[in-house]
Structures are given as C-alpha cells and as structure tokens.
Amino acid sequence: MANFTFSRGAALIFCAISISSIAHAKTIDIAAGDGAQERLQEALILAEPGDDIVLGKGSFVLTDGLSLDVDNVTVRGAGPEATILDFTDQKGSGEGLLVTSDNVLLRDFAIINTKGDGIKSKGADQIIYYNLRVEWTGGPKSSNGAYGIYPVESKNVLVDKARVIGASDAGIYVGQSDNIIVRNSTALHNVAGIEIENSFNADVHSNIAMHNTGGILVFDLPNLPQQGGHNVRVFSNRVTDNDVPNFAPAGNIVASVPMGTGVMVMANRDVEIFGNVFDNNASANVIIVGYQQPYDDAQYQPVVRNVRINANSHGKAGYAPDFPGGAQLAAALGGQVPPIIWDGVEGDAANVASSDAVPFLTLGLTTSDQSVAQAQPSIIAPGKVTLTLPVITMPEAMEAKIR
Amino acid sequence: MMQAIIRSIMVGALVAIAIPALAGADGNASNHAIQQVNDKAIRDGGYVRTLSEYGLFADMRNLMPAQNVVPYTLNTALFSDHAVKKRLVYVPKGGAVDVSDINAVIKLPIGSVLVKTFGYPDENGAFRPIETRLLLHRSDGWAALPYIWDEDGSDARLALGGKRMMVNATLPDGARQQISYAVPNKNQCKGCHALDNVVTPIGPKLRNLDDGDAAPDGGQLARLQRAAILPDKLPQHAVMPAMGADAPLADRARAYLDINCAHCHNRKGPASNSGLFLSYQEQDQIALGIGKRPVAAGRGSGGRDFAIAPGHSDKSIMIYRMGSTEPGIAMPELGRNVNDAEGLALIRAWIDAMAKHERAD
C-alpha cells in the first residue's frame, strides 16, 4: 500500500514539474555592449528547453566561439543587418557558433568574420537556419573561414532565407546528413556557393548562386562515417556569373572546382537537376564526374550514376573552361565546350541523361580517375527524362515555427 | 481533492528545491573548516557557486585534499599551455569502480568527482591556482563545471561562461611568459569531454594510470587500490608510456595523440564527422591519417594534401595544425593558446621515421 502511494506521488510530482517547465518557457534579452561574450555564452548555457534568447540591435564584439547545447531553444536577433555577432577579434574556437542540441531555431541575425566556420551544427536534428547572414566582409580570401553555414551529421535540416558571402570552401555546406532543404537563400563570392556532401534526401531549390567559383556542388567522398550520397534534387535555382577565381586553400577537394562552374555533381547517385536558370558560367553549366583521386575504401563507390537533367534554361557557358585539358577540348570543339559535360564512365549503364536542348558532351572516359587528355569526346542527343525523386518535406512542427 | 493533492505536492517539490539553494546562498558552509566531503553538493547541488562548498579540500589555500580525496597522475597528459595540473579523485563510501573495459575510462559510480586544478608557479616557485575544473557524477550523468580562483587564493567561483585572461605563465625551463589563457565555459568542457554527445571523463584509463610497480610504494595502481579507488582485481591492460619515457617512438607518439586528440577524434566524439580517428587502439591506417585527404579542414590544410604523409612531416596537415595558434587552423581547437614544442617534435619524429608504406602501429 505504502509503495503504491509513493509511486503515485512521485508520478504526480514528475507530471507537475514537466507541466510547469513548459509553462515557464522564458524570453532572455541580451543587449550588445561590454561583456557580451560572457553574458551571451552564459545565457546559452543557462537556457532551458522552450526558451527564446533575444539579441538586441547593434554589434556584439566576441573573442571566442559561442556554443548552444540545450534542446528546443530559439536564438533570434533584430534582423541580419541590425544584430551583428562580430568575430573579427576572435581568439579561440573553430567556429563562431556551435549548436549540438536538437530542435533549435536560429533566426534574424548576422555573424561576420569568424576565423574558422561561421555557424556549425553537429548532430543537431530539426535545426532551422532562417533569415541569417554569414559574411566575411573583406571579400573572397583564402584566409576566410571555410564554411558559412555548416550542419553536419544531422537529420531534418532546413536552411531558408540565408545569405552567405566570402567562404573559402562552401557558403552553405550540408555534410553527412539526411532529409535536407536549402531554399530561398543567396550565396555570393564563395568558392562553392552551396554544397551537399555525403548526404541523403536533399532539395536545393529557389536559391541564388552567383559570383562564386562554382555555384552548387553535390559531392560524395570516401573514408567518412556516412557516404553513398543520393536522392538530391537541385531545381529552380539561379546559377549565373560564377566568375570568382578559386581561392580555396590548396589540398581541399573544393580547390579542384573550375572557375565558372554552375552545378557540379561528383560521385553520388540519383541526382535531378531541373528548372534552373544558368548563364555566364565560363567552364560549364553542369559538370558530372566521378571521384578522380586514388582512394582506399572498400565500401566507396566513385562512379556517378542516375543523373537526370531537365527543363533548365542555358545562357552563355563554356567560353573559358578552367579545368586541365579544357582549352584543348574547346579548340577541338569549335571554340567552346558544351554547357553540360559528363565524364562518360560506365556509358549507358550509368543512366546519365539530359532533355535540355543544348549540346551534352560525354568525355567517353572508362574510369573515374582518368584525365580529360584521355577523353574520347562525343555529343549525346537530348533524350526523354522522367523525374522520379520524391519531394523532401520537413516535419510540420518545423515549418510551423517560421510560418 | 485532486487539486489540493497536486498543489501540496508542487509546494513540497518547490520547498525541496529551495532549501539547498538557500543553504548555498548564505555562504555558511565556507565559514567553518570542512571535515567531510559534501556528498549532497556533488550529487545534486546544481550550480554550486563556490568550490569550498563541495568540501573537497581540508585547506583551500594550500589545496590540501580532504579525507578520501585522492591525488593521482597520468602517464601522458593533455597539453594545456604548460599549466601544472593537480588531479584528485573522490569515490563516495561504498562506491565500486568498474574497470572491466580496458579501452574506456574507469567507470566511477554516481557521487564521484574528478578534480583538476590548473595553475603555474609564481616568480618564487610557489604554485598559484588559476582554475579548478570539476567533473561530477550526478544521477542524471556527468556534469562539467569550471571554477576560477580569487586573486587571494581563498576560494574559487563558478564561471559558467568561462573567461579569457592574461596570465603570467612559467614554462618548464623556468622562463616567464604572458599568455592569453582561456578558462573554458561549461559547453566547451563538453567540447572535448563527450562521447555520443554525453559528458564523460577522458584521462583515467588503466593504461594511463599504470606507472609500473618499480616505485617503493608499489606504483600508482597499488596506491589507488589501497585508497579504495580501484578494485583488488585488475584486468590485463596495455600501458601508455610517459612522454619522456624510454619507450618506442611509435608507442609514445600514439599515446600523445590519444590523450591530446582522440577525445574528439574518435568515432563517437565531437570530430566523428572528420573520419580522422586517433585513439591508442585505432588500427585503420587511413582513419589514422596516413594518406588521408582533408574533408572540412578549410585553411587548416595549409596547402598540404594528407593528414600524414609518411616520411614527410613538413607535408603533413597534422604538423601544420599542431604548429599553429590561429583559430580556424590550430588543433586541438580548444584548450591551448601556445604550441606544444615537445609534442610537435615527437609527432614530427614519428612521421619522418615512417617508411612510405609503413603501418602506424
């Protein structure tokens, strides 16, 4: 009898406490000014699930990275031009803001001049990056941090209305994640504007990728915990004028992206590229290749397969190809390279097809590690393409937060 | 009737939460000498404001540990800007430590504390503490809390947000140097102390506690057994060498990487996404970095192609990052502001000694 009463009492206490913690979700206001580093970091530590941390207007001068490890917290500012987290004087940490908890919403502020990455979220499921600016204000430099917005190893990732400028690797980079949407965002003056790497089930749509080295990349690399990237749709984007010389530090895989690339797919399977506007990309509008480096990984698949290209609008492209063998190829083909280029590995079995009314070049290579010099190029006529990949959706609770 | 029950239970719960908070706030605890460790503060004291409240030191000013709070050392320790680190462990009465997994930290029971005080000798050679970091094993898991010492050395205060400060450091050769020293904030503790995103200790593994049995008192393991920290029976285990020990180069290098890097660079750690795994027991050569290309290093690659280029330390990303103090390049990312010259020399020697196709065992 006593046992029964005790456990019922305990259950009631538990119930009362959980109800009261939701009811007491609070707003914590943090103003810019002296001691911003410690005040803001303490608020991020002391926040409880359900809380809103509201950053005031002005510039927050920060000397170390910030971090958030509490579930279900919103960090909001007064707008990406009004609330600025300024890391120009950063003395430590690999990023400006690191999120390692779930169901977080970051919105309406800017992060500038971080020494490493801008905002990183690792294992942070259901994260939303909304109406943010991440910028290196000195223009494109290899001393800029690598990634602007960097979700990794996460499920249900939404990047919406973000603006990223000056990243020395990728402006918006999603790595080793599953169920992803990058939409309504702008990537300018980055090496790669937007990159989906080693990830599954991603929609990249309605974005602007201009004045990068390469606009949008879909890559898959070996020797990583998650690989075999697949089911990626790149559609309704404006991918034009990607004319910034590659300023990635040498040795990084993105340092091999030719200047003037629209969309580049490397390895991966099941990628659909449709309804995009391409123009003024000096190398090519669409490049589809396998992984070219030597590798040691029994599980890895270097060949690119099942790529469907459909209903894109192609402006000027291929007039100054920036990849090894490009100039010779252009000369051989009458002055410029076609706007869609594929390495041709596995031929028909690779299922790479385009229905766009522009020349589609296959290099006729037989293995992914061959060079352009070994190409046996030929033009493939446009064919019928049926798009089959499903629409990516976020859990309704996430969309409701930003509606 | 139900409402009355709920209301009285809620009031009861609120009172139960309030009492310890009041006891902490009035500072009574620090006015008399603490004879006993304060088990309640350790187990569920929440954000205890001052270090003295835990009762871990019989005398705060000279850092004399209280009864049952036991000093220990590690064979190879994390480099922290040449700071001297004094380590203590407390296991509550009757608590049993599980040592069965030789590759993991010894499993200390709930109510245990790991205490690490950082500081430097002053110009007279006397040790001056800067901060004490606590790892408290509470009922809902480990909690990491940083405490910064007052100037007068009488007590240390909780600093959830950490602090960056200029400190007069004394280097091992006696030279004095001003360095920008960062006390970590509570999240940064977890930035290294995490496996599968759960706070966990790092250092006290059997292989890093075992300093042999040559010493007159039988060695550290025997000492910890006599102090009722370690159990009587210990499993067979490897022994990690100390940095300056007379042990094979590869062994010393792997021990260094284990304690300085592998807390993040392991399959379940904060750098799990990198594919670079540096635990003492790691066998996969690419995961160890040999011929491994950078994934997300950015400018941290230094223009180099591989984490480890065997025979060529100057072409290895690992050496580039260990030799930098710039955020965005430096590795480790947290916990140091100057380079570890001795560690750098050790890893250089190890890489340069590798033949082109040698395994890094």
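Residues are classed here as buried under 20% relative accessible area, exposed over 50% and partly exposed in between, with a 1.4 Å probe and protein chains only. The structure is a predicted model, in which local features need pLDDT of at least 70 and side-chain atom pairs count only at pLDDT 80 or more, whereas totals for chains, interfaces and linings use all residues. Residues are numbered from 1 along each chain as its sequence is written, chains are lettered from A and ligands numbered from 1 in the order in which they are written, and side-chain values use heavy atoms, with hydrogens and water left out.

By this classification Ala381(A) counts as exposed, because its relative accessibility is 58%. Ala381(A) belongs to the loop that runs between β32 (378-380) and α4 (396-402) of chain A; helices (H or I, at least four residues) and strands (E, at least two) are DSSP runs, numbered from the N terminus. A C-alpha separation of 60 Å was computed between Ala381(A) and Ala36(A), which are 345 residues apart along the chain.

Asn237(A), in contrast, counts as buried because its relative accessibility is 1%. This residue is placed in the loop between β21 (230-235) and β22 (238-240) of chain A. A polar atom of the Asn237(A) side chain lies 3.0 Å from the backbone oxygen of Val204(A). With contact taken as heavy atoms within 4.5 Å, and residues up to four places away in sequence not counted, Asn237(A) touches Val204(A), His205(A), Ser206(A), Asn207(A), Ile216(A), Gly275(A), Asn276(A) and Val277(A).

Nonpolar cores were defined as sets of buried Ala, Val, Leu, Ile, Met, Phe, Trp, Tyr and Cys residues joined through side-chain atoms within 4.5 Å. The largest of these cores has 68 residues, and the most contacts inside it are made by Ile53(A), Leu85(A), Leu106(A), Phe109(A) and Ile273(A). Another core, of 39 residues, lies apart from it and includes Leu221(A), Met264(A), Ile341(A) and Leu363(A).

At the interface, 47 residues of chain A are in contact with 43 residues of chain B. The two chains bury about 3,500 Å² between them, 55% of it on carbon and sulfur atoms; buried area is the accessible area (1.4 Å probe) that two parts lose on being put together, summed over both. Between chain A and chain B there are 2 salt bridges, each a side-chain nitrogen of Lys or Arg within 4 Å of a carboxyl oxygen of Asp or Glu. A salt bridge joins the side chains of Lys190(B) and Asp69(A), at 2.4 Å from N to O. On the side of chain A that touches chain B, two or more residues each come from α1 (2-23), α2 (36-46), β4 (64-68), β7 (92-99) and β11 (147-152) of chain A. The most are given by α2(A), with 5 residues.

Backbone geometry was also examined. Most residues other than glycine have a negative phi, and most peptide bonds are trans. Asn156(A), in strand β12 (residues 155-160) of chain A, has a positive phi near 60 degrees. Asn156(A) counts as buried, at 15% relative accessibility. Asp270(A) likewise has a positive phi, of about 60 degrees, and is found in strand β24 (residues 269-274) of chain A. Asp270(A) is buried, with a relative accessible area of 13%. In chain B, Met331(B) and Pro332(B) are joined by a cis peptide bond with omega of about -10 degrees. Pro332(B) lies in the loop between α7 (317-322) and α8 (341-352) of chain B.

Conventions
A polar contact is a pair of N or O atoms within 3.5 Å; within protein, one must be able to donate a hydrogen and the other to accept it, and residues adjacent in sequence count only if both atoms are side-chain atoms.
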